[in-house]
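Hi everyone, thanks for coming. Let me put the sequence and the structure up on the screen, and then we can walk through a few spots together.

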Amino acid sequence: MTFVRACIFNVYFFVLTLVMGIVALPIRIFVPSCALSYAQAWTRLTVKGLQRICGIRIVVSGREHLPDGPCLLACQHQSALDTLVWMNLVERPAYVMKSELTRIPLVGPMLLLTGMIPVERAGGAKALRALLAATDKARDDHRQIIIFPEGTRMPPGRIGKLHPGIAAMAAHSGLAVIPVATDSGLRWGRNAFIKRPGTIHIVLGPPLACTTKRTQILPAIVTAWETLSRDNGLPLLTPPPVDNCVENSAATSPKP
């Protein structure tokens, strides 16, 4: 039955994405200001389909830690669901993502119109400057910036090596960094066709106290994830190597 549900969801997701991608064409031309709300409708329908077809329940806690205005959400990344769910958990989301996604037919142009932040992961200093400029723009536009510091999906219970882009963004912008832990990989793993029924937990923690101290931000994120996981019954985490930065990289977006 789980396999059958996964097949039905994949068909539902493909048809929904194709139809809404085609309908997005006139929106891009005539009402581009509606792009974000339209994208939020697509992700809302996608997540609802996942919940109803695959028997997955999503429980979010700690939302009281979200500020009223812009912030940085430093999220663990275990599942493709992580790249969808935040579109409807905050009011004005802006994902930091790899630039290749903007070249996907139908979807890519909408990503740019919605104000997402593409990053050339091998772009070095130039990419970092572009990332900081985009961070300023998102902050001024009162966006909540979703970023996956590990840069790729990790199995539940493991933390990958963190990229330094979020530290530069936080130190540059002064935005609060909200750590987010999850166990989404238990239900929808990396490259997994099967979506297992059950509950996915998303837990937000209080803002980090060292937002403007660049060298302290990455270790503080790791510590916060470990604490949130332990205190909320999520899989206990194996920390990354001590040197958990990737030199000369602005890359912070998830792999698809």
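In which helix is T46 found? T46 is part of helix α2, which covers residues 35-54. Before I go on, please keep in mind that this is a predicted model.

Let's stay with T46 for a moment. Is T46 buried or exposed? Its relative accessibility is 1%, and since anything under 20% is called buried, T46 counts as buried. The side chain of T46 has a polar atom that lies 2.9 Å from the backbone oxygen of W42. If we set aside the neighbours within four places in sequence, T46 is in contact with F9, Y12, F13, L16 and L84.

Helix α1 runs over residues 2-30, and its axis comes within 10 Å of that of α2. The two axes cross at roughly 170°. Angles over 145 degrees count as roughly antiparallel, so α1 is roughly antiparallel to α2. The crossing of α1 past α2 is right-handed.

Which residues meet there? On the α1 side they include F9, Y12, F13 and L16, and on the α2 side they include W42, L45 and T46. By class, the contact of α1 with α2 has 18 nonpolar, 3 polar and 1 charged residues.

Now please turn to another helix pair, for comparison. Helix α6 takes in residues 165-173 and helix α7 residues 214-231. Their axes come within 9 Å and cross at roughly 125°. That angle lies between the ranges for roughly perpendicular, 65 to 115, and roughly antiparallel, over 145, and therefore α6 and α7 are oblique to each other. Here, too, we have a right-handed crossing, with α6 passing α7.

What does each helix bring to this contact? From α6 we have I166, A167, A168, A170 and A171, and they meet R214, I217, L218 and I221 of α7. Sorted by class, this contact of α6 with α7 holds 8 nonpolar residues, no polar ones and 1 charged residue.

One last stop, in a loop. G160 sits between β5, residues 144-147, and α6. Is G160 buried or exposed? With 6% relative accessibility, G160 counts as buried. How far is G160 from P149, counting from C-alpha to C-alpha? The two atoms are 8.6 Å apart, while along the chain the residues are separated by 11 positions.

That's my tour, so over to you for questions.

Conventions. Residues numbered from 1 in each chain as written. Predicted model: local features only at pLDDT ≥ 70, side-chain atom pairs only at ≥ 80, totals over all residues. Heavy atoms only, no water. Helix = DSSP H or I, 4+ residues; strand = E, 2+ residues; numbered from the N terminus. Buried < 20%, exposed > 50% of the residue type's maximum accessible area, 1.4 Å probe, protein only. Polar contact = N/O pair within 3.5 Å; in protein donor to acceptor, adjacent residues only side chain to side chain. Contact = heavy atoms within 4.5 Å. Axes fitted to C-alpha atoms, helices over the stretch in contact; angles between N-to-C directions. Parallel < 35°, antiparallel > 145°, perpendicular 65-115°, else oblique. Left-handed = near helix turned anticlockwise from the far one by under 90°. Nonpolar A, V, L, I, M, F, W, Y, C, P; charged D, E, K, R; others polar.
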